Amino acid sequence: MTKTAIIAGGSIAGLATARALSPCFERVILLEADSFDQTGFARKGTPQANHVHGLLKGGCDALTRLFPDLPARLTAAGAVSCHFSSEVRWYINEDWMPRYDGSMQIYFQTRPLLEGCLREAVREIANVEIVENCRVEDFVLDEARKRIIAAVVRRPGADVETISADFFIDAMGRGSFLPRWLKREGFGEVPEDHIGVNLGYASCLMELPTEPRDWKSILIYPKGPKEIRGATLVKVENDKWLLTLAGYHNDHPPADAEGFLEFARTLPRPDIYDAVRNARIVSDIRLHKFPHGQWRHYDEIASFPLGILPVGDTNTSLNPLFGQGMSVAALSAAALSDLASETDFSHPVSLARLKRNYFTGLRRVFATPWDLALGQDFRYAETTGRKPFTLVPKNALKSLIMSSSSTEVIENFYHVVHLAREESSFYHPRWLVKILKGMKNR
Ligand SMILES: Cc1cc2nc3c(=O)[nH]c(=O)nc-3n(C[C@H](O)[C@H](O)[C@H](O)COP(=O)(O)OP(=O)(O)OC[C@H]3O[C@@H](n4cnc5c(N)ncnc54)[C@H](O)[C@@H]3O)c2cc1C
């Protein structure tokens, strides 16, 4: 067994990858710039954690493969179990999705709760060490300039330190310095796709009046170009509700309570406003701006160094409205877990094979979420970026699926949007026949 792996970044991707690599190394060291006991809701390095963070079924399944006791941990910590097809009211494609007793069970919780459960699980792995307040600032190449052999780190009040290891993971998120580092070291510019959406988020925790409800979440997804405002209201731990309001292309919700509620009132449907108009806001209203989704094509750098792989938002950072980012990170870590078990980390040929196979696997992991997000984003003329030529027929097919009278078709759609099945399943003749048969207005 090779000796040490270093993971830069201790959030969802970093924690999942620590678990994935732990059977392959004597020691896995996870270096996180933040301290984990910050007060307040989200820590400094993950400001997005103030907002609704849905964990899709596909992401939950991938995390559960890595951490089999995750569902029990989430439940014990107060996460809310939810049957997606019966307990979520979802407005999309200018209509409400049907509600029925389906098979998909998911969990609702705040992002800090989920991350806390994963961190707790990782802390129990004997050969994984989590080091807080430790910022990775640089990577060091071997003499041949082909393989990363060390990380340069800084801790408060200490001198800069160089730590050697056999393998490295970049899990530093969207702001990772890896693209700048690759350019500086002569590997070239990382090709990036940017999808400009200029999204604005505002969120707060609420207490809702006690009354009977047969739902645990309401999702209002805007359909462009007419609808530009969307929202998610979701029941989370401690009997609280998290409300996130969002607007495309600079139509952003504000942080004052009156303006926030007024924004909710003007959503495409009144149901969320009706549910929260008499609620008590029990946190600050926090804002977040998301200028563009991005996909960094690290795989297109022919000489991408050995000894390091990127996991999570450093690769793709997707329009958050579709709730895919954590699940994509989890699916990527699960894919790496399979490949790592067949890798000899001390051998360059084996490392090169790992790199190739991992990047091929990532393209597959990203294809569905990227395509689904773009299908909605490009309904707005203001959206910028590379538009797939298949957009129009795919959107037409998805509209048929969403308005289908067949529960089986809807259930397959839910599995695809939850990243538990690939989008290509829509185009299988078996499903095309069912979609056409279910074509009647509900
Ligand atoms: C507003 C908003 C809402 C979202 N909603 C959802 C949702 O509903 N569902 C969903 O699945 N996803 C959602 N996402 C996406 C989700 O937040 C990300 O996909 C997910 O956090 C990616 O995890 P990550 O570990 O790759 O990166 P991050 O969570 O960004 O973590 C990066 C980590 O690296 C650390 N770090 C950074 N630089 C260094 C360094 N130099 N040295 C050491 N450590 C470093 C940071 O402190 C941080 O802990 C949302 C995103 C936004 C912006």
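Leu 182 counts as buried, with 21 C-beta neighbours inside 10 Å; a residue is called buried if 20 or more other C-beta atoms lie within 10 Å of its own, exposed if 12 or fewer, and partly exposed in between, with C-beta atoms placed from the backbone. This is a predicted model, in which local features need pLDDT of at least 70 and side-chain atom pairs count only at pLDDT 80 or more, while totals for chains, interfaces and linings use all residues. Residues are numbered from 1 along each chain as its sequence is written.

Leu 182 sits in helix H6 (residues 178-184). Helices (H or I, at least four residues) and strands (E, at least two) are DSSP runs, numbered from the N terminus. Leaving aside neighbours within four places in sequence, Leu 182 is in contact with Phe 187, Gly 188, Val 190 and Ile 301, where contact means that the C-beta atoms, placed from the backbone, lie within 7 Å. Ala 158 is another story: 24 residues from Leu 182 along the chain, its C-alpha atom is separated from that of Leu 182 by 27 Å.

## Around the ligand

Let's turn to the ligand. Of the 36 residues around the ligand, Ser 11, Gly 45, Gly 173, Gly 312 and Gly 325 come nearest; a residue is near if its C-beta atom, placed from the backbone, lies within 6 Å of the molecule. Two or more shell residues come from each of helix H1 (12-21), strand S8 (135-141), strand S17 (286-296) and helix H9 (325-340). H9 gives the most, with four residues.

Sorted by class, the shell holds 14 nonpolar, 17 polar and five charged residues. Here Ala, Val, Leu, Ile, Met, Phe, Trp, Tyr, Cys and Pro count as nonpolar, Asp, Glu, Lys and Arg as charged, and the others, Gly among them, as polar.

H1 is largely enclosed by the rest of the structure, because 10 of its 10 residues are buried. Among them are Ala 13, Ala 16, Thr 17, Arg 19 and Ala 20.

The largest nonpolar core has 126 residues, of which Ile 7, Ala 8, Ala 16, Phe 168, Ala 330 and Ala 333 touch the most other members. Such a core is a set of buried Ala, Val, Leu, Ile, Met, Phe, Trp, Tyr and Cys residues joined through C-beta atoms within 7 Å. H9 gives the most to this core, with 10 residues. Not counting residues up to four places away in sequence, Ala 333 touches Ala 13, Ala 16, Thr 17, Ala 20, Leu 66 and Val 311.

## H2 against H9

Helix H2 (residues 57-66) packs with H9 at an angle of about 40 degrees, and their axes are 8 Å apart. On the H2 side, the contact includes Gly 58, Gly 59, Ala 62 and Leu 66, and on the H9 side it includes Met 326, Ala 330, Ala 333 and Ser 337. The contact residues divide into eight nonpolar, four polar and one charged.

## Backbone points to check

A cis peptide bond joins Gly 224 and Pro 225, with omega about 5 degrees. Pro 225 has its place in the loop between strand S13 (217-220) and strand S14 (229-235).

Asn 238 lies in the loop between S14 and strand S15 (241-247) and is exposed, with 10 other C-beta atoms within 10 Å. His 249 lies in the loop between S15 and helix H7 (257-265) and is partly exposed, with 18 other C-beta atoms within 10 Å.

How values were computed. Axes fitted to C-alpha atoms, helices over the stretch in contact; angles between N-to-C directions. Contact = placed C-beta atoms within 7 Å.
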